[in-house]
Amino acid sequence: MGERPGSDHRRLITQTLDDGTGPARSALAASWRRSMSLYGLDPEDRGRAESLTEQQLREARQAMEPMTLAAQGVLDRLFLAVGDTGCCVLLTNADGVPIERRGAAADDEMFQRWGLWPGAVWSEAVEGTNGIGTALAEHRPLTIHRDQHFHTRNTALSCTSHPIHDPLGRLAGLLDVSSCRADATEAMLGLIAAAVADAARAIEAQAFRQAFADARIVLAGDPMERNAAALLAVDRDDLVVGATRAARLTLSITDERIANQLAASEVLGGGGVEADLLEAERGAVRRALALNGGNVSAAARALGVSRATLHRKLHRLGLSGEPH
C-alpha cells in the first residue's frame with residue numbers, strides 16, 4: 001500500500017516530462033524537471049523535511065525582524081479569515097524557511113509532522129516542486145495543489161503563496177497558506193489566493209511605511225486599487241528616497257535613479273493629487289521668496305533647505321528668484 005501511491009506519482013511525473021508536448025511545457029512541468037534533473041531529487045524520497053538548527057532559526061528570525069514586526073497584525077487577520085478551513089499561515093524568508101506561523105492548536109501536531117513549521121526548509125532545491133520553494137524560484141504567486149507537488153510525501157498538501165518584497169524592492173520571502181484537507185476545492189483555493197495576495201501587499205506597505213517613517217508616503221498607483229502597494233517615500237525636498245517594488249515596476253524607478261536625486265514630480269506627472277501637492281509647494285516657495293525680498297539664500301534658510309535645493313525647486317516649479 002505504501003509503494004503504489006509513490007509509484008503512481010513517479011509515473012505521472014516521468015510520463016509528463018517524457019511527453020514533450022502540452023503539459024510537459026507547462027510551468028509545473030518545468031519545476032518538476034528542475035526537481036529531477038537540476039536538483040537530483042527522487043519523487044519517492046520519504047525522508048523528513050530538512051530543518052534549521054535552533055541557532056540558525058534564531059539568526060534567520062533576527063535577519064527577518066523588520067518584516068515580521070510589520071507582518072504581525074496582518075498574519076493574525078489572515079489566520080482569522082482562513083483558520084476555520086483547516087489552514088495554517090506561514091511567513092517565510094527568501095530561502096523558503098518559515099519564520100512566523102499562525103495555526104490552530106488542535107492542528108499543530110499534524111502540521112509539524114508535515115514540516116509546515118518554523119525552521120523547516122521548503123526551498124525547491126530541497127523539497128522539489130512546492131508552493132513555497134517554487135513561488136520563490138519563479139518569483140510569482142503560486143498555488144501547488146496535492147499531486148502537483150514533486151515529492152510523494154507532500155501530495156496531501158495544498159499550498160498558496162505570494163512573494164513579499166522588502167522596502168528596497170528586493171525579494172524578502174513570501175506569505176503562504178497551507179492545508180492538508182482532502183476536500184480543498186479550486187474555488188476555495190481561489191478565495192485563499194486572493195486573501196493571501198491582499199495580505200502580502202499589506203505587509204509590504206506596512207514594512208515600507210516603517211522603514212521610511214520620517215518621509216511623506218505617496219501613492220503612486222491607482223488610488224482605487226485595493227491594498228495598492230505602489231508607494232513612494234518623498235523627503236521635504238520633494239526627492240524620492242524610497243519606492244516599493246510595485247512602484248519601481250510601474251514607474252521604472254531604480255536605485256541609481258534614487259541615488260541621483262530623483263524628483264517625485266518627474267515620475268508622478270502633474271495630474272490629480274500630485275498637481276495639488278505641486279501647487280501647494282509652489283505657494284510655499286513664493287511666500288518664502290516674497291518675505292525675503294527675493295533673496296534665494298534667505299528663502300532657503302526659511303524653508304529649511306539648502307540654496308542648491310531651492311534652486312532646483314525654482315527650476316522645477318517654473319519660478320525665479322534674484323541671486324544673492
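Colleague: Which residues does D166 touch, not counting residues up to four places away in sequence?

Modeller: In this predicted model, D166 lies in the loop between β4 (158–165) and β5 (171–179). Leaving aside residues up to four places away in sequence, the residues that D166 touches are M67 and A172.

Colleague: Is D166 buried or exposed?

Modeller: The relative accessibility of D166 is 14%. Buried means under 20% relative accessible area. D166 therefore counts as buried.

Colleague: What pLDDT does the protein average, and where is the pLDDT below 50?

Modeller: The protein averages a pLDDT of 87, and 89% of the residues score at least 70. Where pLDDT is low, the predicted coordinates should not be read in detail.

Colleague: Is the pair formed by the rings of F208 and F212 stacked, edge-to-face or tilted?

Modeller: A search of the whole structure finds 1 aromatic pair. The ring centres of F208 and F212 are 4.9 Å apart, with the planes at 50°. Planes under 30 degrees apart count as stacked and those over 60 as edge-to-face, so the pair of F208 and F212 is tilted.

Colleague: Are F208 and F212 buried or exposed?

Modeller: F208 has a relative accessibility of 0%, and F212 has one of 16%. With the limit for burial at under 20%, F208 counts as buried, and F212 likewise counts as buried.

Colleague: Which residue of β7 stands opposite I217?

Modeller: Strand β6 runs antiparallel to β7 (residues 231–234), joined by 4 bridges. Opposite I217 stands A233.

Colleague: How are helices α13 and α14 oriented, roughly parallel or roughly perpendicular?

Modeller: Helix α13 (residues 296–303) and helix α14 (residues 307–317) pack with their axes 9 Å apart, at an angle of about 100°. The contact includes L303 of α13 and R307 of α14. Angles of 65 to 115 degrees count as roughly perpendicular, so the orientation of α13 to α14 is roughly perpendicular.

Methods:
Residues numbered from 1 in each chain as written. Predicted model: local features only at pLDDT ≥ 70, side-chain atom pairs only at ≥ 80, totals over all residues. Heavy atoms only, no water. pLDDT = per-residue confidence, 0-100. Helix = DSSP H or I, 4+ residues; strand = E, 2+ residues; numbered from the N terminus. Buried < 20%, exposed > 50% of the residue type's maximum accessible area, 1.4 Å probe, protein only. Contact = heavy atoms within 4.5 Å. Phe/Tyr/Trp six-rings, centres within 6.5 Å; stacked < 30°, edge-to-face > 60°. Pairing = 2+ DSSP bridges. Axes fitted to C-alpha atoms, helices over the stretch in contact; angles between N-to-C directions. Parallel < 35°, antiparallel > 145°, perpendicular 65-115°, else oblique.
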